[in-house]
Amino acid sequence: MKKIIPTLAIGLMAAAVCGCGGKKETDTIITTKVEKAKPTAPIRMQDYTQEREFEWNGSEMTSEIRRTADDSLAMVADETGQKFVDNRIELVVRRSDGSTFFKKTFTKNTFDDHLDDDYRRTGILEGLVFDRVEGNTVRFAASVSHPQTDEYIPLVVSVTRTGQMSIERDTQLDTSAIEEE
């Protein structure tokens, strides 16, 4: 019996050591693989047309604005590589007899002097809309934006009664909606 007890004790200790330290260490990390969203075909904004009648210097006038996605323009890409087709916008201001007073086609390059390098590289011409008549000038609001975001550079396109056009950054916040509340 004296021989069995030490043998049994050694056997139990060996089993305890093997049972506790039997786990192998590894450098394997188990996690789920995150798939990056793969870019789809280039995204195009929907075409639109806006017509607006207004009185200017005692005459009835109409502005027509047409935005179309233009495949001939350079595409831009966001940080995921998703490509976007840039837009071309045509502005026509007509007199009441239907004759054309002013006509201009805009691309993002039209606003190049008013954009920073980021918007030149990753922005698109998003829109142009009639704003208001201000004395001898008709004002239109334009924007160059990062596609599918709320980030944009607001611009003002002004046309004088002599047909001269100017562009500047819009530095005045439109608060009319807030004031009406």
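## Basis of the model

The structure is a predicted model, in which local features need pLDDT of at least 70 and side-chain atom pairs count only at pLDDT 80 or more, while totals for chains, interfaces and linings use all residues. Residues are numbered from 1 along each chain as its sequence is written, and side-chain values use heavy atoms, with hydrogens and water left out.

## Overall make-up

The protein chain holds 3 helices and 10 strands. Here helices (H or I, at least four residues) and strands (E, at least two) are DSSP runs, numbered from the N terminus. Read from the N terminus, the order of elements is α-β-β-β-β-β-β-α-β-β-β-β-α.

The chain has 181 residues, and 29% of them count as buried. Buried means under 20% relative accessible area, exposed means over 50%, and partly exposed lies in between (1.4 Å probe, protein chains only). Among contacts between residues at least 6 apart in sequence, 46% join residues at least 24 apart; a contact means heavy atoms within 4.5 Å.

Strands of a sheet pair through backbone hydrogen bonds, either parallel or antiparallel. In this description two strands pair if DSSP finds at least two bridges between them.

β1 and β2 are joined by 9 bridges, and E51 stands opposite E64 in β2. Strand β2 (residues 59–69) is also joined by 9 bridges to strand β5 (residues 87–95), where A69 has N87 as its bridge partner. β5 then pairs with strand β6 (residues 100–106) over 6 bridges, with E90 opposite T105 in β6. The hairpin of β5 and β6 has 4 residues between the strands, and G98 in this hairpin takes a positive phi near 95°.

## The sheet of β7 to β10

A further open sheet of 4 strands has the order β7-β8-β9-β10, with antiparallel pairing. Its edges are β7 (124–134) and β10 (165–169); each has a single partner strand, so one side of each is left without a neighbour in the sheet. Neighbouring strands are turned by 25° against each other on average, direction ignored.

β7 pairs with strand β8 (residues 137–145) over 9 bridges, and G127 stands opposite S143 in β8. The hairpin of β7 and β8 has 2 residues between the strands, and G135 in this hairpin takes a positive phi near 65°. Strand β9 (residues 152–160) and β10 pair over 5 bridges; V159 has M165 in β10 as its bridge partner.

## Aromatic rings

The whole structure contains 5 aromatic pairs. Rings of Phe, Tyr and Trp (its six-membered ring) pair if their centres lie within 6.5 Å; planes under 30 degrees apart count as stacked, over 60 as edge-to-face and the rest as tilted. The ring centres of F54 and W56 are 6.4 Å apart and the planes meet at 50°, so this pair is tilted. F54 and W56 are both buried. Ring pairs link F54, W56, F101, F130 and F140 into a cluster.

F106 and F111 form a stacked pair, at 5.7 Å centre to centre with 15° between the planes. F106 is buried, with a relative accessible area of 1%, and F111 is buried with a relative accessible area of 1%. K104 lies over the face of F106, at 5.9 Å from the ring centre. A charge sits over a ring if NZ of Lys or CZ of Arg is within 6 Å of the ring centre and within 35 degrees of the ring normal.

## The loop residue T162

T162 is found in the loop between β9 and β10. T162 counts as exposed because its relative accessibility is 58%. The side chains of T162 and T160 are joined by a polar contact of 2.9 Å. A polar contact is a pair of N or O atoms within 3.5 Å; within protein, one must be able to donate a hydrogen and the other to accept it, and residues adjacent in sequence count only if both atoms are side-chain atoms. T162 and F102 are 60 residues apart in sequence, and their C-alpha atoms are 9.5 Å apart in space.

Definitions and conventions
Axes are lines fitted to C-alpha atoms, for helices over the stretch in contact, and angles run from 0 to 180 degrees between N-to-C directions.
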